[in-house]
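Open your viewer and get ready to click along.

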Amino acid sequence: MVIAEENAAEMLALREVAKLHDSDFQFLCFKNLEEVLFWLCDGVSPQPVRMEDYRSPVYEQQNFDDMYLDDKLKRIAVCFATGGHSLLLRGTPGAGKSMFAQRLPSLLPLLSSENHLDALRIHSMTTNKLSKFILQGNAPFRQPHHSTHPFALLGTADQPGELSLAHGGVLFLDEILEFRRDLLESLREPLETGKLHVSRAQKKVTWKSKVQLVAACNNCPCGFYDSKSVKCKCGMQKILNYEAKMSGPLLERIDMHHRMQEMSPELFSENIPKHSSFMKNQVISAREYMFKRWGQETENSASSFEQILESSQVTGKKRAALMKELAEYKLSSRSILRLLRVARTLADIDQSLTMEKSHIKEAANLRPQSS
Ligand SMILES: [Zn+2]
């Protein structure tokens, strides 16, 4: 296989992920076409390429060691990365919503071979030179702006959009309520199924788009409702309209909702405790426990109501008691499924086969009040 030297790193990633061996292919890297001609006409072979020379140093992801996290935020981050859940963060400007979201990929495991191969394919369609981040199989992180054109977010029949570029990783929609409503609606199906169907003119294409959605928004139009330091300028009607926007069908489908507190200056009087490696280890052991319990590599975010109850050994009287407990929260059936998936993940983090009352309550606190 004749390839350009600039693409050697990409070839190396592909060879590893597709499990190609030297006996299957011989890779010949050339600097330019002149070298290829010498090889074809005069049999001058290029210097054998040692793929190892192109192995990039390991990409260091930005982690949580530079950010103050309270216990609840730590728990949410670990739960997100363990169970494959989606997350909505609310809070005043400056509460750290974007900072928190951007550090979540540091807790995610490397992509599976299948997802890595998909990511290499999808990203190759939009760039000539893949980033180290993708070459090394890190879960992608994409943050399209709310003014992004629908084609750029969803893709066309010829090119994948931001949604598919995030396949296997995180799609972060900051200021989600500023996105066009119809655009958010068109994300509903792909977020459920992990696939996006595009048909334009004669062409029909299906793009893979299994992502973990992270969304963020302010508390109110001016942002400072609930703030201790700045007075909110919005009237009650404006706040009610804003709340109404929040109860859209897309938002109801988000597993965890959390209101981030403003950071008080006292928090910064001492050094920020470094928790990243502890959290990462928690994710690794919780995922091991979860896969062992399912008997396969399934994430809780993909499980059904019955599967969760069966796998947690909730039968007979236990089932009746759980149903009674859940009824008290007065949630829709869709919300109950989201709640149970999150409760299952919290139990997996605690290495518990049963979902305790405390897990259910903790997951219920992560539901929006009105769902
Ligand atoms: Zn306001």
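**Stop 1: the whole chain**

Begin with everything shown as a cartoon, and keep in mind that this is a predicted model. The chain has 16 helices and nine strands. Of the 371 residues, 46% count as buried. If you draw contacts between residues at least 6 apart in sequence, 75% of them join residues at least 24 apart.

**Stop 2: the zinc ion**

Which residues are its protein donors? They are Cys220, Cys222, Cys232 and Cys234, each through its SG atom, at 2.2 to 2.5 Å from the zinc ion. Along the sequence, these donor residues follow the spacing C-x1-C-x9-C-x1-C. The angles among the four donor atoms run from 104 to 114°, and the site is tetrahedral.

Is Cys220 buried or exposed? Cys220 has a relative accessible area of 0%, so it is buried. Cys222 has a relative accessible area of 26%, so it counts as partly exposed.

**Stop 3: Arg90**

Select Arg90 next, which sits in strand E3 (residues 87-90). Arg90 is buried, because its relative accessible area of 11% is under the 20% limit. Show its contacts, leaving out neighbours within four places in sequence. The partners are Lys97, Cys217, Asn218, Asn219, Glu243, Met246, His258, Arg259 and Met260.

**Stop 4: helix H1**

Move to residues 8-17, which form helix H1. Seven of its ten residues are buried, so H1 is largely enclosed by the rest of the structure. To see them, select Ala8, Ala9, Met11, Leu12, Ala13, Arg15 and Val17. What covers these buried residues? The cover includes strand E1 (2-4), strand E2 (28-30), helix H5 (113-124) and helix H6 (132-135).

Follow the chain on from here. Just after H1, Lys19 takes a positive phi of about 55°. Then find Phe27 in the loop between H1 and E2. With a relative accessible area of 9%, Phe27 is buried. Try the distance tool between Phe27 and Leu12: their C-alpha atoms are 9.7 Å apart in space, while the two residues are 15 apart in sequence.

**Stop 5: the largest pocket**

Rolling a probe the size of a water molecule over the atoms shows where empty space is left. In this model, the largest pocket holds about 1100 Å³ of space. Which of them gives the largest share? H9 does, with five residues. Colour the lining by class and you get 14 nonpolar, 14 polar and 14 charged residues.

**Stop 6: the largest cavity**

How many cavities of 30 Å³ or more are there? The count comes to one. About 50 Å³ of space lies in it. Select its lining: Lys72, Arg75, Ile76, Cys79, Leu346, Glu362 and Leu366. Helix H3 (residues 71-83) gives the largest share, four residues. By class, this lining has four nonpolar, no polar and three charged residues.

**Stop 7: two positive phi values**

Most residues other than glycine have a negative phi. For the last stop, select two residues that go the other way. Lys330 is not a glycine, yet it has a positive phi of about 50°. Look for Lys330 in the loop between helix H14 (316-327) and H15. Its relative accessibility is 70%, so Lys330 counts as exposed.

Gln351 is not a glycine either, and its phi is positive at about 55°. Gln351 lies in the loop between H15 and helix H16 (357-364). At 41% relative accessibility, Gln351 counts as partly exposed.

Conventions:
Residues numbered from 1 in each chain as written. Predicted model: local features only at pLDDT ≥ 70, side-chain atom pairs only at ≥ 80, totals over all residues. Heavy atoms only, no water. Donors = N, O, S within 2.8 Å, 3.2 Å for Na, K, Ca; no water. Tetrahedral: all angles 85-135°; square planar, octahedral: opposite > 155°, others 65-115°. Buried < 20%, exposed > 50% of the residue type's maximum accessible area, 1.4 Å probe, protein only. Contact = heavy atoms within 4.5 Å. 1 Å grid on protein atoms, 1.4 Å probe; cavity = no way out; pocket = protein on both sides within 12 Å on 5 of 7 lines; lining within 4 Å. Points joined across faces, edges and corners; volume = space filled by probe spheres on them. Nonpolar A, V, L, I, M, F, W, Y, C, P; charged D, E, K, R; others polar.
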